[in-house]
Amino acid sequence: MTARYVTDWTGRWNGTTTAVVRPADTEQVSHVIRVCRRAGIGVVPQGGNTGLVGGSIPLHGEIVLSLARLDSITAVDPIGHTIAAGAGVTVARAQAAAREAGLIFGVDLASRDSATLGGIVATNAGGVRVIKYGDTRAQLLGIEAVISDGSVLTRWKTFTKDNVGYHLPSLLAGSEGTLAVVTRVLMKLRVPPPHIQLAMAGVPTIGSALELLDALRRSGLTVEAAELMTDAGIRLVRRHRNLRPPLVTDTPFLLLAEVSGPADAETMMLETFEGAGDLIIDATIEHGSRLWGYREGHTESINASSTTPPVKLDITTPLAELESFVADLTRVIASEFPDVRLIFFGHVADGNVHVNLLDVDPERTREITGVVFELVAAHDGSISAEHGIGRSKAAWMHLARSTVDVEVMKAIRHSIDPSLILNPHILPAARPAGASRVAGDATPR
């Protein structure tokens, strides 16, 4: 009965739970939190359980607080361009509701059918539209959440200009359920661009892809999404999905670019490609969404191909470091882990690379993860671009945050959840120096 709540989407993280609780509204969530705090029982909030870092999996019998039943869309404002919805509403449903109002929801990711609004807020998810609209935090206007004593925090303003103290919705975005349990969200909607054009370009280098993106921007077009793939990744997807090649010519790298602009956007894109010289080896410009299938087929194809659960590492580097990072990563993996296959793809316009390591001996998972993260740090990057820290990256936080930074986060966490009952085993949980428990606090078990 509880199996699907204690194993993460990757299959790499498994735990145990005392019980799964499925409240129907904020009041019931508050009641559950109060009971668990009194009993000293840890609580792990869970949305669609599509995370890749084990952040919503109970490790040692904590209660799983499923938010799946908080699935009502209460309002879509076509004038104010907002959507108000429960934490259990999926991204796909939010997108559909926005479309009915002639608008679009600015967060889009491959797991849209199962990822929930509460989940994307908790992890500050990114996705393919970050280059245009920003991450989830940038879409978040208001929030309703339950803190660890059962109190309900409501910050609910339908406008952007509201500078009264700290912006608490932004603080909760990306907190991975450690500061509060998000139950409702108020998010921005956007006006869709009138003319969209999609293209796939085969390029010789990552640098060529970045230069081509810059040329598209300078032409007057707006880049809506930009995805980098490799020939190895495309071949994997083609075999798994039985697809024909996207281009006539095989190329080392492929850039999927979606742009918007005036009615002659297709002509503008074509002229940009024609003037790109040796930046492009081959290209196709198409109407419709067929080309997206090559990009969105990567995850399932990788999972099907690997003989062991693939090691998935979501990282970011500065754009100036992206090409050298990939070169170093390719060299190190081939040298130190010759039996491992490296497939990477990602949101190239913001430096986000999804590193996938296939056929990794489970005994060497931690070793290979450390090697990749050390390389990321050497290239001034981040070990977590859009999936959070969870369990899988906690040991390497020192590569991304200074001691002072971590201590400030600890202080914030302990001031809001002194009992450490909310998702107790992720992010900085150790008590800051000199801190003491408040009366009545219980230790999570």
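A residue counts as buried when its relative accessible area is under 20%. In this predicted model, Trp396 has a relative accessible area of 10%, so Trp396 is buried.

Trp396 has an aromatic partner, Phe373. Phe373 belongs to helix H14, which covers residues 365-378. Trp396 sits in the loop that runs between H14 and helix H15 (403-416). The pair therefore ties together parts 23 residues apart in sequence.

The number of aromatic pairs is two. The other pair joins Phe253 and Phe344, with 6.5 Å between the ring centres. The planes of these rings stand at 45 degrees, so this pair is tilted. Here the partners come from two strands: Phe253 lies in E12 (residues 253-260), and Phe344 lies in E15 (residues 341-347). Because of these positions, the contact ties together parts that are 91 residues apart in sequence. Phe253 has a relative accessible area of 16% and is buried. Phe344 is buried too, with 8% relative accessibility.

A further ring takes part in a contact with a charged residue. Arg184 lies over the face of Trp156, 4.1 Å from the centre of the ring.

How values were computed
Residues are numbered from 1 along each chain as its sequence is written. This is a predicted model: local features need pLDDT of at least 70, side-chain atom pairs count only at pLDDT 80 or more; totals for chains, interfaces and linings use all residues. Side-chain values use heavy atoms; hydrogens and water are left out. Rings of Phe, Tyr and Trp (its six-membered ring) pair if their centres lie within 6.5 Å; planes under 30 degrees apart count as stacked, over 60 as edge-to-face and the rest as tilted. Helices (H or I, at least four residues) and strands (E, at least two) are DSSP runs, numbered from the N terminus. Buried means under 20% relative accessible area, exposed over 50%, partly exposed in between (1.4 Å probe, protein chains only). A charge sits over a ring if NZ of Lys or CZ of Arg is within 6 Å of the ring centre and within 35 degrees of the ring normal.
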